[in-house]
Amino acid sequence: MKRRNAQMLGEVLRDFFEDNTELYEKMMEIRVKRAWGEILGPAIQGYTRNLFVRDKVLHVSLTSSVLRSELSLCRERLVKSLNDYAGSTVITEIVFH
């Protein structure tokens, strides 16, 4: 028996996420959080206390004030790297606490 409305899985997922944009945005935020640990490595991940996205702004709580200052200097490069990892513009700014 031949199926008539066969679609590729990628097409089905794309259609699903076009209909559910909030779910897609949450998935992208999770990718950015995962990227933080993978791009910056386990040493910086160890100093990271809290990480969340609100209104396209990544909020990062760090336990080291020296690390906070150093990461503030390369904020724009971090935003670009995290967005590249996620594959879309998820964040526009990073705020360090």
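This is a predicted model: local features need pLDDT of at least 70, side-chain atom pairs count only at pLDDT 80 or more; totals for chains, interfaces and linings use all residues.
Local features were considered at pLDDT of at least 70 and side-chain atom pairs only at pLDDT 80 or more, whereas totals for chains, interfaces and linings use all residues. Residues are numbered from 1 along each chain as its sequence is written, and side-chain values use heavy atoms, with hydrogens and water left out.

Phe52 is placed in strand β1, residues 48–54 (strands are DSSP runs of E of at least two residues, helices runs of H or I of at least four, both numbered from the N terminus). Phe52 is partly exposed, at a relative accessible area of 25% (buried is under 20%, exposed over 50%, partly exposed in between, with a 1.4 Å probe and protein chains only). Leaving out residues up to four places away in sequence, Phe52 touches Lys33, Val57, Leu58 and His59 (contact means heavy atoms within 4.5 Å). From Ile30, Phe52 is separated by 22 residues in sequence and by 9.0 Å in space, C-alpha to C-alpha.

Strand β2 spans residues 57–62 and includes Ser61. Ser61 has a relative accessible area of 18% and is therefore buried. Beyond its neighbours within four places in sequence, Ser61 contacts Tyr47, Thr48, Arg49, Asn50 and His97.

Asp15 belongs to helix α1, residues 9–19. With a relative accessible area of 34%, Asp15 is partly exposed. Glu11, Asp15, Glu18 and Asp19 form a negative surface patch. Patches consist of residues with over 30% relative accessible area and no salt bridge, like charges being joined within 9 Å and nonpolar side chains (Val, Leu, Ile, Met, Phe, Trp, Tyr) within 5 Å. A salt bridge is a side-chain nitrogen of Lys or Arg within 4 Å of a carboxyl oxygen of Asp or Glu.

Terms used: Accessible areas come from the Shrake-Rupley method with a 1.4 Å probe; for residues, only the protein chains shown count as cover. Lys and Arg count as positive and Asp and Glu as negative; His and the chain ends are not counted. The place of a charge is taken as NZ of Lys, CZ of Arg, CG of Asp or CD of Glu.
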